[in-house]
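Me: I'd like to go through this one term by term. Could you tell me what each label rests on?

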Amino acid sequence: MHASLTADGALGLDGVFRRPDPRAALSATPASAQQEADQRRAAWMAAAQAGDRRAYERVLADSLPLIRAAARRQGVATDNIDDVVQETLLTVHRVRHTYDPSRSYDAWITAIASRRAIDALRSHGRRDRRELHDEQVLDMQTDHADAARDTEREQEARRLRAAIATLPPGQREAVEQLALRERSLAEAAEHTGRNAGALKVNLHRALKALRNRFHGDS
Amino acid sequence: MSEPSNHHRLIDALGAELVPVRRLPPPWRRAAGWLLVVAAIAAVLFVHYGSGGMLRRWAGAPDLAWAGVGAVLTAATAAWAAFALGVPGRSARWAWLPVAPALLWVGASGLGCLRDWIAPGTVVAGPHQPIGCLQFIIAFSVPLSALLIWLLRRACPLRPVLTAVLIGLASAAASASLLEICHEFDAAASDLLTHALAVVAVIAVNAAMGGRLLRSR
């Protein structure tokens, strides 16, 4: 039923080239139950696109196992899976208009999660290569090895990411490009197509908004 | 327990800023919109140059007609494939869609070089004359690529470089199709080489620049 509803598969290309079912690795749930769950999530996402907050929160919560499964399949370490989940949720929020309710929701979100997992693997690879193994440097870092502080820092990072997600698109883009990805103004301008002045103004406004939010929280 | 609560906190935050969104039209419709712009440019060129010369050339040398048809089909299928790759969950095999039309385009252009007679209404280009073709293809490819990149930035291309290559192929093929309207040179090795150089340059620049511009999502 679902496959016959493809909106633009006039050549049937996606039908012919369909990937293995992304949910197959999740559980031994019968195919019909998986299909029902997919259709349920598709209906929720369609409602979310129309502005239904309850449906949106449901579909995102229901997607967490799918995202984790996709991250695991790409080989993301258990410690980093939650980062992939957060990045995927933020991406889904930005690109929710690209979902076509006549097609599989699970295939859509699995593709996004897989891409974010690959990004996470690359980013960790880069970080690992940059790491210094000098003993002196390691000595200097001993006070950072405290697990409780690491956890606290991770939680703060997640709170910050959630706050960034609520910024207007231009400000969010400036924070992501200049602060999170540590790009120079020129690089960020090249990537976003915006001029350096606009990026600077957006970053300034975003930092002000975040400062207000966190001062308000504390 | 802290991890799930973090996720749910983020979900709450995203839910709080939820606004209705306008759904992205299907890839074929978006590709058709871009092709309409190409058709509008073609209409302007037809008004300026007329269609007589092109039809005379095509009637006299069918390989030129097949090359033109191949270029138009390559532009349409590459644009369609690029828009399909802009939607998460679509197969990467969409990228194969323009391969057959591109083979027709390249093959028919190459066959034209083997003819030992000159197509009507044309001359064999001298060593410096095909530069005009190169300029034409690049000059038209720039705005057509920019339009495709702008349209695709509203989507979510998860394979930005592959999508950018298809954007380059679509705009270079569309520019070569437009050139067909006013192309006064017969197929020859120097002309074919210039066209190939222009197409490869457009695809390479798109892969380098377009890939970055599409990656920011």
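**The interface and chain B**

Reply: Putting chain A and chain B together buries about 4,600 Å², and carbon and sulfur atoms give 59% of that. Buried area here is the accessible area (1.4 Å probe) that two parts lose on being put together, summed over both. This is a predicted model, where local features need pLDDT of at least 70, side-chain atom pairs count only at pLDDT 80 or more, and totals for chains, interfaces and linings use all residues. Residues are numbered from 1 along each chain as written, chains are lettered from A and ligands numbered from 1 in the order written, and side-chain values use heavy atoms, with hydrogens and water left out.

Me: What makes residues of chain A and chain B count as being in contact, and how many are there?

Reply: Contact means heavy atoms within 4.5 Å. By that rule, 59 residues of chain A touch 45 residues of chain B.

Me: Why is the pair A:E173 and B:R153 called a salt bridge?

Reply: The rule wants a side-chain nitrogen of Lys or Arg within 4 Å of a carboxyl oxygen of Asp or Glu. For A:E173 and B:R153 the closest N and O atoms are 3.9 Å apart, so the pair falls within the 4 Å limit. Across the interface of chain A and chain B, the rule finds one salt bridge. On the side of chain A that touches chain B, the largest share, nine residues, comes from helix 4 of chain A. Helices here are DSSP runs (H or I, at least four residues; strands are E, at least two), numbered from the N terminus.

Me: Which residues make the nonpolar surface patch, and what area does the patch have?

Reply: B:W66, B:V69, B:L73 and B:L104 make a patch of about 340 Å². Patch residues have over 30% relative accessible area and no salt bridge, with nonpolar side chains (Val, Leu, Ile, Met, Phe, Trp, Tyr) joined within 5 Å and like charges within 9 Å. Helix 4 (residues 62-85) of chain B gives the largest share, three residues, while B:L104 sits in helix 5 (residues 99-112) of chain B.

Me: Why does B:L104 count as partly exposed?

Reply: Buried means under 20% relative accessible area, exposed over 50%, and partly exposed in between (1.4 Å probe, protein chains only). B:L104 has 30% relative accessibility, so it counts as partly exposed. Of the 217 residues of chain B, 51% count as buried.

Key
Areas by Shrake-Rupley, 256 points an atom, 1.4 Å probe, with all protein chains shown as cover.
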